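Subject: Structure handover and notes

Dear colleague,

I am passing on the structure that I have been looking through, together with my notes on it.

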Amino acid sequence: MLEKFQEIENKFHDIERRMSDPEVISNQKKYQDLVKQHANLKEGVSIFRQYKKTCQEIEGSTELLDDPEMAELANEELEGLNKEKEELEHQLKLFLIPKNPEDEKNAIVEIRSGTGGDEAALFGAVLYRMYKKYAESNKWKIDVIDENITELGGVKEVSFTITGNSVFQKLKYESGTHRVQRVPETESSGRIHTSAATVAIMPEADEVDVELNLSDCRVDTYRASGAGGQHINKTDSAVRITHLPTGLVAACQDERSQFQNKEKAIRLLRSRLYEVQLEEQQKAASESRKLQVGTGDRSQKIRTYNYPQGRVTDHRINLTVHNLDAILEGKLDDIIDALIRADQMEKMAAQ
């Protein structure tokens, strides 16, 4: 591993040298490519340099053990330095885990009510609010594509984009079935019911990621209507696009303009096609993985929100926390960070 990092540091030095070359600076494409490589390597090189410095300090403290007057102090220093070395080794191993190119992308989120009727739709609305709060806390921007809201304020289905830094990296673990245990708002009997909603998180595809030919699609227009139509009108502004080769469908009725709705529907359809491509790649690459916290299987029951006991359990990593109210307010970092760590540990073990 250390030989690998020496190679990385040598490459880092070479990139810095080339970035100061006037000929390279005059070629913006080549220069920007080097800037990106430099940024990708900088963290690893910084950790490696600290690791080498710590090793040198350990060597120096070890030599002092033979000095009776300095031995006690040296032992204390070695205890701290060895812990630091262990932590730095862990960070170096994490850095060597291949980066997922999708992690830096924006995300498209879809929430659908599942089993449980009106109560499932109301729980879908709770999840929708939770993700909006989480996005706000990260200073991400939300843009609704389509929503179907029930008369009681529940969510039958909603799709929206979240734009910001590393959105997909954080949210990709949220795909799956979310289950709730609580006394339904629609009943007064006091009996605890179980209902569910599904969440799908897709990286938003760029045009270069997926070739979408509109000649392969059927475009239908209709009037935005019902509780889900935010702008109910008398014109055919809502748009539904069907990709004929795959049967995938994307719709949008949230904007007043048919053109805007069509643009959003195309973004959604492109991302759905991209998701299918990624799923096929992941299936081939992750057959040996046991945890698979990041596979995005919508049918997998991933989490239970238990209202009477105020707890949330993530079933993939057997994590239970007793701060339901905070989580529903969008404070998801404890769970998401634990999922990221579990995924990293699994990948490290597979290296």
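Predicted model: local features only at pLDDT ≥ 70, side-chain atom pairs only at ≥ 80, totals over all residues.

The protein contains nine helices and eleven strands, and of its 351 residues 42% are buried. When contacts between residues at least 6 apart in sequence are considered, 64% of them join residues that are at least 24 apart.

The eight-stranded sheet

Eight strands make up an open sheet with mixed pairing, and their order is E2-E3-E1-E5-E4-E9-E10-E11. The edges are taken by strand E2 (141-149) and strand E11 (319-321), and because each has a single partner strand, one side of each is left without a neighbour in the sheet. On average, and with direction ignored, neighbouring strands of this sheet are turned by 15 degrees against each other.

The three-stranded sheet

A further open sheet has three strands in the order E6-E7-E8, and its pairing is antiparallel. Strand E6 (217-222) and strand E8 (248-252) stand at the edges, and since each has a single partner strand, one side of each is left without a neighbour in the sheet. In this sheet, too, neighbouring strands are turned by 15 degrees against each other on average, direction ignored.

Six bridges join E6 to E7 in the antiparallel sense, and in this pair Cys217 stands opposite His243 in E7. Strand E7 (residues 238-243) pairs with E8 over five bridges, again antiparallel; here Arg240 stands opposite Ala251 in E8, and the bridge partner of Thr242 in E8 is Val249. The hairpin of E7 and E8 has four residues between the strands, and in it Gly247 takes a positive phi near 80 degrees. Five of the six residues of E7 are buried, so this strand is largely enclosed by the rest of the structure.

Which residues does Ser237 contact, leaving aside its neighbours within four places in sequence? Ser237 lies in the loop between E6 and E7 and is buried, with a relative accessible area of 2%. Its contacts beyond those neighbours are Tyr222, Glu255, Arg256, Ser257, Gln258 and Asn261.

Helix H5

Helix H5 (residues 117-137) has 21 residues and reaches 31 Å from its first C-alpha to its last, which is close to the 30 Å expected at 1.5 Å a residue. Just after H5, Lys139 takes a positive phi of about 60 degrees.

The largest pocket

The largest pocket holds about 830 Å³ of space. It is lined by 25 residues, of which Ile97, Pro98, Lys99, Asn100 and Gln169 are the closest to its centre. Helix H3 (28-63), helix H4 (71-95), helix H6 (167-171) and helix H9 (333-350) are the elements that give two or more residues to this lining, and the largest share, five residues, comes from H3.

The C-alpha atoms of Asp343 and Ile317 are separated by 9.6 Å, while the two residues are 26 residues apart along the chain.

With best regards

Note on methods. Residues numbered from 1 in each chain as written. Heavy atoms only, no water. Pairing = 2+ DSSP bridges. Axes fitted to C-alpha atoms, helices over the stretch in contact; angles between N-to-C directions. Expected span 1.5 Å × (residues − 1). Buried < 20%, exposed > 50% of the residue type's maximum accessible area, 1.4 Å probe, protein only. Contact = heavy atoms within 4.5 Å. 1 Å grid on protein atoms, 1.4 Å probe; cavity = no way out; pocket = protein on both sides within 12 Å on 5 of 7 lines; lining within 4 Å. Points joined across faces, edges and corners; volume = space filled by probe spheres on them.
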